[in-house]
Amino acid sequence: MRWSNYYLPTLKEDPAEAEVISHRLLMRAGMIRKLTAGVYTYLPQGLRCLDKIARIVREEMNRAGALEVFMPTVQPADLWKESGRWDVYGKELLRFQDRHGRGCCLGPTHEEVITDLVRGEIKSYRQLPINLYQIQTKFRDEIRPRFGLMRGREFIMKDAYSFDKDDAGADRSYQSMFDAYMRIFTRLGMVFRAVEADSGPIGGSFSHEFMVLASTGEDTIAVCTACDYAANLEKAEAVVRGAGDDAQCPPAELVLTPGRHTVEEVTAFLEVGPEKLIKTLLYEADGQAVAALVRGDRELNEIKFKNLLGAKFLTMAAPEQVRVWSGAPVGFAGPVGLNVDAVWADRELGLSRDWITGANQGDAHLLHVDLSRDAKINGYADLRQVTREDPCPRCGAGLELPKGIEVGHVFKLGTKYSEAMDAQYLDEEGKARPMIMGCFGIGVSRIMAACLEQNNDEHGAMFPPPIAPFQIELIVLNVKSRELMQQAENLHHQLETMGFEVLMDDREERPGVKFKDADLIGLPGQLILGEKGLARGVLEAKSRKTGQRSELALDDVQAQVRTWWQGILADWGLHAS
């Protein structure tokens with residue numbers, strides 16, 4: 001491919017709207033252009049990358065026995081009401097009416113559509129298991145789309161759905177997809193971890209996220225330094241350490257703490273550490289008033305709390321609600337005499353019987369609070385977020401908390417949708433039973449962005465060879481030289497005959513401009529052909545990832561390019577196929 005005949009509009013400066021590395025580089029490298037908030041056009045270079053990602057995903061899904069379908073983007077409201085998600089999914093679901101006044105939405109996901117399809121076709125256990133997948137555009141009406149393809153409103157996703165007759169079969173389908181995902185992300189040339197995760201609005205009993213490790217990631221994950229344990233911070237288990245304190249607790253004592261309502265202010269005033277204080281956090285959960293108690297130096301994990309309550313909605317109480325439920329302004333609530341429907345305490349609070357809490361009146365706290373004696377607690381549970389100081393819940397070794405970007409998610413759904421939508425089959429005895437479902441998603445367009453968050457330098461992008469738009473850029477330094485262009489044309493043809501995808505920069509630009517653009521667009525290998533090298537019978541070769549340069553002899557160019565390319569693959573931890 002000649003650059004002069006290609007649509008590759010690079011930019012010299014970062015776009016003002018671009019907030020993260022991948023957004024800046026995808027725009028500058030001529031891969032995407034913004035149409036409106038969170039919606040992008042994919043230019044030829046970007047589409048080539050997307051197609052390669054999709055090809056790898058498709059090959060591994062087919063290898064795992066999944067069958068490809070293609071479902072509509074527009075979905076009827078009736079299906080979402082049948083599943084119970086029409087009012088639950090939230091404002092990210094773009095709802096509208098057609099000309100007949102029928103409710104519709106743009107599909108953010110396809111559980112309802114696939115369940116409706118299968119329930120109309122699958123009637124017997126002999127037709128199970130089955131796994132159907134698609135690669136298709138989704139739409140989620142994000143309130144604040146940002147970070148380019150990382151959190152857009154319209155995106156490209158692979159979603160698969162398995163249907164089995166029993167839990168054992170569902171477990172096999174889950175493991176098959178987990179293994180396929182491991183192969184996919186390995187083939188993509190990315191550094192990633194599979195982590196235990198919360199299922200979120202999709203639902204289900206068990207799930208894993210596949211995280212690309214990058215310092216710019218939005219998510220934090222907990223990773224053991226010794227074993228294979230890894231979990232999203234929302235799911236990571238906090239281990240209770242230390243022996244319980246059974247010492248007698250003195251009677252509760254009211255103390256004035258005028259104007260001190262934060263943990264730091266109260267503990268400094270009382271001259272104690274924050275670990276001696278209990279934070280009382282008030283929420284509304286599906287219309288009920290609830291409280292969560294955690295140590296003053298800990299953070300509540302709202303996902304754990306929401307899952308414990310089995311709540312669809314969990315929102316922090318407004319200041320006026322805090323005053324009604326506690327009788328005090330924000331910062332002075334406590335569990336003693338609290339007027340709420342339920343109070344849950346983090347398990348760590350069971351280690352001591354002597355705490356400091358809010359007094360449920362302004363400018364006051366209570367000393368010597370024994371939760372078992374002075375408060376009505378519904379129970380103790382793991383409610384807090386883990387920290388770097390916590391041990392691994394599996395082996396007890398230390399934890400690291402790296403950043404990650406979610407690019408894939410596998411769910412064990414169970415019968416959440418099949419029961420709600422009456423997707424049944426007849427078993428061996430002729431009895432009707434709900435199908436056991438799984439759901440498996442990969443963010444195809446997000447992978448392209450996550451790749452650049454992980455692979456870049458101050459000069460531009462670095463694409464792993466499996467998904468690079470082209471493998472090699474052939475840079476011709478002086479296109480006005482007939483001899484040089486003849487050699488370039490010959491070399492271009494030889495490389496393509498060898499099976500390489502080549503972008504030849506034949507523009508009438510200065511060498512410096514070409515070198516900058518080459519590093520910007522980030523193709524794995526660069527071959528530089530100039531008049532001085534031609535006179536010596538060599539061309540210069542450069543690995544974009546390492547920057548290593550070498551010279552290749554033109555009279556043995558095919559053999560030397562093969563060896564050089566094997567080195568580039570090795571730089572990425574890959575092998576020649």
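At what angle do H2 and helix H11 (residues 444–454) pack, and how far apart are their axes? The angle is about 110 degrees and the axes are 9 Å apart. H2 and H11 are therefore roughly perpendicular to each other (65 to 115 degrees).

This is a predicted model: local features need pLDDT of at least 70, side-chain atom pairs count only at pLDDT 80 or more, and totals for chains, interfaces and linings use all residues. Residues are numbered from 1 along each chain as its sequence is written, and side-chain values use heavy atoms, without hydrogens and water. Helices are DSSP runs (H or I, at least four residues), numbered from the N terminus. Axes are lines fitted to C-alpha atoms over the stretch in contact, with angles from 0 to 180 degrees between N-to-C directions.

H2 spans residues 44–63 and H5 spans residues 167–187. Their axes come within 9 Å and cross at roughly 150 degrees. That makes H2 roughly antiparallel to H5 (over 145 degrees).

H2 passes H11 in a right-handed crossing. H2 also passes H5 in a right-handed crossing (near helix turned clockwise from the far one by less than a right angle).

| Pair | Residues in H2 | Residues in partner |
|---|---|---|
| H2 and H11 | Gly-46, Cys-49, Leu-50, Ile-53, Ala-54 | Val-444, Ser-445, Ile-447, Met-448 |
| H2 and H5 | Arg-55, Ile-56, Val-57, Glu-59, Glu-60, Met-61, Arg-63 | Met-177, Ala-180, Tyr-181, Arg-183, Ile-184, Arg-187 |

The contact of H2 with H5 has seven nonpolar, no polar and six charged residues. The contact of H2 with H11 has seven nonpolar, two polar and no charged residues. Ala, Val, Leu, Ile, Met, Phe, Trp, Tyr, Cys and Pro count as nonpolar, Asp, Glu, Lys and Arg as charged, and the others, Gly among them, as polar.

Conventions:
Helix = DSSP H or I, 4+ residues; strand = E, 2+ residues; numbered from the N terminus. Parallel < 35°, antiparallel > 145°, perpendicular 65-115°, else oblique. Contact = heavy atoms within 4.5 Å.
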